[in-house]
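Dear colleague,

I am passing on the structure we spoke about, with some notes on what turned up in it. Please look at it first and then read on.

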Amino acid sequence: MADINPIHLQKALKGANYPASKDDLIATAKDNGADDEVMTFLNDLPDREFGGPNGVTKEISS
């Protein structure tokens with residue numbers, strides 16, 4: 001899907017409550033001051049619920 005640093009992604013999602021929807025993840029990242037690369041990645045995620053950080057990280061290689 002994207003060439004994004006998984007560490008930056010997880011920092012942006014720090015404090016997220018799972019399971020989380022795409023919109024929940026975007027809101028958390030925005031609150032954490034995520035950069036444009038992370039925000040673009042999150043906006044491109046499928047509209048579904050993610051069970052945990054690993055589920056989000058798996059989307060990097062999709």
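Two residues are said to be in contact here when heavy atoms of theirs lie within 4.5 Å. The model is a predicted one, and the values below are computed from it.

Helix 3 spans residues 36-43, and its buried residues are Val38, Met39, Phe41 and Leu42. Viewed down the axis of helix 3, these buried residues fall within an arc of 160°, so they line one face of the helix. The buried residues of helix 3 pack against helix 1 (6-12), helix 2 (22-31) and helix 4 (53-58).

A search of the whole structure gives one salt bridge, and arginine 48 forms it with glutamate 59, the closest N and O atoms being 2.8 Å apart. Arginine 48 lies in the loop between helix 3 and strand 2 (49-50), while glutamate 59 belongs to the segment after helix 4, so the pair ties together parts that are eleven residues apart in sequence. Of the two partners, arginine 48 is partly exposed, at a relative accessible area of 38%, whereas glutamate 59 is buried, at 11%.

Best regards

How values were computed
Residues are numbered from 1 along each chain as its sequence is written. This is a predicted model: local features need pLDDT of at least 70, side-chain atom pairs count only at pLDDT 80 or more; totals for chains, interfaces and linings use all residues. Side-chain values use heavy atoms; hydrogens and water are left out. Buried means under 20% relative accessible area, exposed over 50%, partly exposed in between (1.4 Å probe, protein chains only). Helices (H or I, at least four residues) and strands (E, at least two) are DSSP runs, numbered from the N terminus. The arc is that of the directions from the helix axis to the C-beta atoms. A salt bridge is a side-chain nitrogen of Lys or Arg within 4 Å of a carboxyl oxygen of Asp or Glu.
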